[in-house]
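Here are my notes on the structure below. They are meant to be read with the model open beside them.

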Amino acid sequence: MKNKFSVFVIIIFLSFCFVIFYKGLNNPNTYSPKIKDKKNIPIFEAKDFNSGSYLNSEKIFEEDIFYIVNIWASWCVPCRTEHPLLMKLNKNQSVKLIGLNYKDNLSNAKKFIDEFGNPYSQIIIDNDGTLSVEFGAYGVPETFIIDKNKKIIKKFLGPINKEIVEEIKLITK
Amino acid sequence: MKILKIFIILILSIGFSNLKSDEKNDELKNKILKNIRCLICQGQSVHDSESEFSSSIKLIVDRKINEKLKEEQIYEFLREKYGDWIIYEPKLNKNTYILWLLPLLLFLIGGAIIYKKNNIQK
């Protein structure tokens, strides 16, 4: 009786281990932060890409519309692939695109914009990457949707694609 | 002369106390950075990593320490931005209570078994 009970306990234990490891191995081994709740946009002051003057977040997000914040850099290859889609998104009147130029060389960034076009209503500079951290970003490119209440409601890691553009259009309609 | 001596001692003591507080801040910074996971190179802590993300986090932690934020407040700031996973030491909550309580439970069960066996042998 005692022996049977021990075998039963061992089987239960091994099954438990099997389920844990099976589930663990099926999970992706890279972590991407998710937005659980709507977060307020950070309060910050940043340098304007064109004028070099300092702007605060209240001024940047002053209008009562949806904003798209796109983190980009001239050295980032995926940013080139998403750029034509950002140019299309720019035609959407209900949103304003804000570019956040991440750890970039200013002249290279200007060349990038001259070559591929400027989809952004405003570009701000993030020289040391700390502004991106305030937004909760950890790479480039990343795109955030900010609603009329100045809350981050969605974020997209990596370059945006046609499906994401449609999703953005649907959310910001 | 006496006034000069007092003045020199005062200057030196201010200098030493500044050095000491810098040392304390560095210790705290290293402790925090070792407890933050680099989200780009996920096997390393921010302290050991040289990625762009880690260098930005190092700057942020430095800034927060200078703003006199406490260790837990800095973790809370990072948790709010990136979730619990960014901190190596998980917080006790509904998702992690098994992780925290299981070793204690196993210890108690083990202790009970040993105690029972000893009693039987006696």
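1. The sheet of chain A. In this predicted model, chain A holds an open sheet of eight strands with mixed pairing. The strand order is β1-β8-β7-β4-β5-β6-β2-β3. Its edge strands are β1 and β3 (54–56) of chain A, each of which pairs on one side only. In general, strands of a sheet pair through backbone hydrogen bonds, either parallel or antiparallel.

2. Strand β1 (residues 39–40) of chain A pairs with strand β8 (residues 151–157) of chain A. The sense is antiparallel, over two bridges. Here A:N40 stands opposite A:K151 of β8(A). On to the next pair: β8(A) and strand β7 (residues 142–146) of chain A are antiparallel too, with five bridges. A:I146 has A:I152 of β8(A) as its bridge partner. A:I145 stands opposite A:K154, also in β8(A).

3. The hairpin. β7(A) and β8(A) form a hairpin with four residues between the strands. Which residue there takes a positive phi? A:K150 does, with a value near 60 degrees.

4. β4(A), with partners on both senses. β4(A) is joined to β7(A) by five bridges, and the two run antiparallel. A:I68 stands opposite A:I145 in that pair. Strand β4 (residues 66–72) of chain A also runs parallel to β5(A), with seven bridges between them. There, A:I71 has A:L100 of β5(A) as its bridge partner.

5. Helix α4 of chain A. Helix α4 (residues 106–116) of chain A has three named buried positions: A:A109, A:F112 and A:I113. Seen down the axis of α4(A), the buried residues fall within an arc of 95 degrees, so they line one face of the helix. An α-helix has 3.6 residues a turn, so residues three or four places apart point the same way. The cover over the buried residues of α4(A) includes β5 (95–102) of chain A. The face turned away from the buried side carries the exposed residues A:S107, A:K111, A:D114 and A:E115. Just after α4(A), A:G117 takes a positive phi of about 95 degrees.

6. The contact between the chains. How many residues does each chain give? Chain B gives 14 residues and chain A gives 13. On the chain B side, the elements giving two or more residues are α2 (52–66) and α3 (71–82) of chain B. The largest share, seven residues, comes from α2(B). The residues of chain B that touch chain A divide into eight nonpolar, four polar and two charged.

7. A:D128 lies in the loop between β6 (122–126) and α5 (130–135) of chain A. Which residues does A:D128 touch, leaving aside neighbours within four places in sequence? The contacts are B:S56 and B:L59. A:D128 is partly exposed, with 17 other C-beta atoms within 10 Å. The C-alpha atoms of A:D128 and A:Y102 are separated by 7.7 Å, although the two residues lie 26 apart along the chain.

8. Chain B, domains. A domain assignment divides chain B into domain 1 (24–91) and domain 2 (94–122). The C-alpha centres of domain 1 and domain 2 of chain B lie 34 Å apart.

9. Chain B, helix α4. Helix α4 (residues 97–121) of chain B has 25 residues. Its first and last C-alpha atoms are 36 Å apart, close to the 36 Å expected at 1.5 Å a residue. How many of the residues of α4(B) are buried? The number is zero, so α4(B) lies largely in the open.

Note on methods. Residues numbered from 1 in each chain as written. Chains lettered and ligands numbered in written order. Predicted model: local features only at pLDDT ≥ 70, side-chain atom pairs only at ≥ 80, totals over all residues. Contact = placed C-beta atoms within 7 Å. Nonpolar A, V, L, I, M, F, W, Y, C, P; charged D, E, K, R; others polar. Pairing = 2+ DSSP bridges. Buried ≥ 20, exposed ≤ 12 C-beta atoms within 10 Å, placed from the backbone. Arc of directions from axis to C-beta. Expected span 1.5 Å × (residues − 1). Domains from an automatic or database assignment.
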